[in-house]
Amino acid sequence: MPRALFYTLIFVLFVTGIGLTWLRHIQTEIPLLPGKQVTVWLVEARVAFNASGNPVEVSLDIPDTVPGYRTFNEQTASPGYGFSVLDMNGDRRAVWSIRSASGPQTLYYKLMARADQDAGSENLTPPHPVVEIFWEESQGIAARQVLAQAHAQSDSRLSMCRELIKQVNATEKSQNIALLLSHTPPVLLLEKLLNYANIPTRIVNGLYLEENRHNLELEPMLEIYTAQRWLMLDPTTGQHGRPDNFFLWDQGGTSILDVSGGRNSRVSFGISAQTISAKQLALTTAPPGHFTFFDMHKLPVEEQNMLKVMLLLPLGALAVVFMSIIIGIRTSGTFMPILIALSFLQTSLLPGLLSFVAIVAFGLLLRSYLSHFNLLLVARISTIVVLVLVIVVISSLFGYQIGVNTRMSVTFFPVIIIAWTIERMSILWEDEGPREVLIQGGGSLFVAICAFMLMSWPLAAHLSFNFPEINLIILALIMGMGSYTGYKLTELRRFRALRLKLGL
Amino acid sequence: MWGIGIRGLRDLGILGMNARNINYIGRYNQRKLYPLVDDKLKTKKLAQRYGIPAPKLHFVIREQHRLRTIEQRLHNLSGFAIKPAKGSGGKGILVISARKDGKFITTAGTSLGIDHIKRHISNILAGLYSLAGTPDVAIIEELIEFSDLFRAYSYQGVPDIRIVVFQGYPVMAMLRLATRTSNGKANLHQGAIGVGLDICSGMSLKAVQFSVPTTIHPDTGSALEHISIPHWPEILLLAARCYDMTGLGYIGADIVLDGANNPLLLELNARPGLAIQLTNGYGLLPRLRHIEGLKRRHASAQARVDHILKNFTLP
């Protein structure tokens, strides 16, 4: 049964690779595709006041859980102030304090938010029992009339709310409404009326997230409690439900800003949008999970860069295996193409290709002269190593003189590999003639180019580094190909003479 | 048309490289036995022990410093062949056919000084031609006066007969003829001509050069159609015995006929090439499967050859 075992193993590797990649993608939120961009909102609250030289304490209501948004990267800018975040029964407040300050003061509180449908649970806490609401005599009469009329013109709590909002915002207001509005601002009036009608209502504040807005005030919204949940209503249009770009800042109940020791306090908001890569975002916001051990971004940058290159090797190996087993291209030295491809990654393709061919050709020329000296093999290859080094140095200097940056391209080639290539090609030339040199040299370069294409593919680089478990899939592919007993593509050509036999 | 379809190859029972490596070489050739054929010196000694005729060994050079006395040792030999023991694909083989004014004349007619000979042997010792680049030894063996039968069919080199032996059964054969393109070497990929031989009769089937059918030798102009190899059963027997000698299940035996038309074992190959199928016009697979399907293998080499002669007649 070893066959079945083998295929099971390949299958397990494949599934594990895909599964781990997917799990990690879900957990760390690193995108599967490179270059994916997300919009992040930068919301800034600016608190300004005049301090009077006494101890100052500023307390600002800040967002807790925001439905539809994920918040992160909270920051404050407040020179000289002590800062803390107080959590009072789930309601968070930013508190600044200083022993003494005078003159105009400005404090900043910033956070970043990213739209996320699933983030921020709804606040389901049931309303407090409605407190007794007091009206002045005339207002009480007006309120009851307004409510009675609205009740008559509606068939549900929601439609009654809408009706009220419509009346309050109407251009030509009824006498009753006008009377009530003369004592209470519209939103407060609506809250009061609705609570009076035994519909639990509260006022929440938030911001509409729009590009580049400054000096904004919080926008009030009504929330009525119906069918066991809070429903948001726009106090000017009566539309229900949270608008998609509405960022809930505070969920009501407490004051937005308290300042002691200062006057003329005011809080204003600024909003700007940033586009950053989803990967960056994931790295800054990902919660620690089971896979943090495998997170390579913890490593020092140099080590990361080295791993980046090394993790591309399996891809190169995959290309070599495919080209050799399925296509049947002959190369000089099995894995030389990968090493050449790695150098191409540093030099970019065309300059790399040109300088590689040039160096090998020049090296072959020197090598043919060298064969007259009758050197021992190890010494001869070492001689070539030194000669290749000389070629590299001279061409870099020359390139620098004429202003071409060949330095970059040439120095990345592994000198030893080039030396061996030259030696091998030279022997091949003597033994089998230039035809074989062209076939194997060309084959090597072709496979190197294919490996380069694969390794320089941004998706490949992204996946292999961020999801190293993808190598399990590559491993499965390589092992799978390793047991392929079918024909190679080149064999179809090799045995073409047999066509006659088939009567074609 | 560019090539032949996969189905066509399959219908002809062509053995591909991957299938050969996994299903035949990998399955029937034990790794530990490889040195017996990869090292020509070992093969030669083994052949001696089993009484299998092979070209005579003059001497072996194992160390660089022995090169100093090489001139005296070569003194009595007019013709000889220098071979790396672990060479592959005919690499590093230098054949000297005559001496003239202290110079060595190769089969190609080039005259070489003793320095060249020394350098060549030195390269062999350093492992230049050996399979893995490991240090090697140089074998100096007798020059084979090959059969006159082939004189018209070969350019310079010795024509040899390649027989694929599977589980001790010779299953397919071809004659390899050196050409000017192949530099007098009998390697098909270098441009030697392969002539398929009917495994039952030793009669030529068809010829190919560089995978393309041909009918005449490009250098000698001889027609390649009606070649008949003498002593054919004897040659098959020699090939079949190589299995008993090495224990390798899938090998290529290279055999030459000397001046008296006696077969000599030149070398064995544990990874015989696939071009032999082109020269025969048939794939190896049906024959390999026939052997694999045998209920009882024949114990003696003669019985195996008889089985082949009886069963593998051409359709």
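**View 1. The two domains of chain B, whose C-alpha centres lie 26 Å apart.** Domain 1 of chain B covers 6-53 + 147-311 and domain 2 covers 57-142, with bounds that come from an automatic or database domain assignment. This is a predicted model, in which local features need pLDDT of at least 70, side-chain atom pairs count only at pLDDT 80 or more, and totals for chains, interfaces and linings use all residues. Residues are numbered from 1 along each chain as its sequence is written, while chains are lettered from A and ligands numbered from 1 in the order in which they are written. The contact between the domains takes 11 residues from domain 1 of chain B and 12 residues from domain 2 of chain B, two residues being in contact if their C-beta atoms, placed from the backbone, lie within 7 Å.

**View 2. The contact between chain B and chain A.** Chain B contributes 30 residues to this contact and chain A contributes 26 residues. On the side of chain B, the largest share, five residues, comes from α2(B), a helix that spans 17-28; helices (H or I, at least four residues) and strands (E, at least two) are DSSP runs, numbered from the N terminus.

**View 3. Strand β10 (residues 204-209) of chain B and the strands paired with it.** Six of the six residues of β10(B) are buried, that is, 20 or more other C-beta atoms lie within 10 Å of their own, with C-beta atoms placed from the backbone. Strand β9 (residues 193-197) of chain B pairs with β10(B) in the antiparallel sense over four bridges, where pairing requires that DSSP finds at least two bridges between two strands. Ile193(B) stands opposite Gln209(B), and Val208(B) stands opposite Pro213(B) in β11(B).

Terms used. A residue is buried if 20 or more other C-beta atoms lie within 10 Å of its own, exposed if 12 or fewer, and partly exposed in between; C-beta atoms are placed from the backbone.
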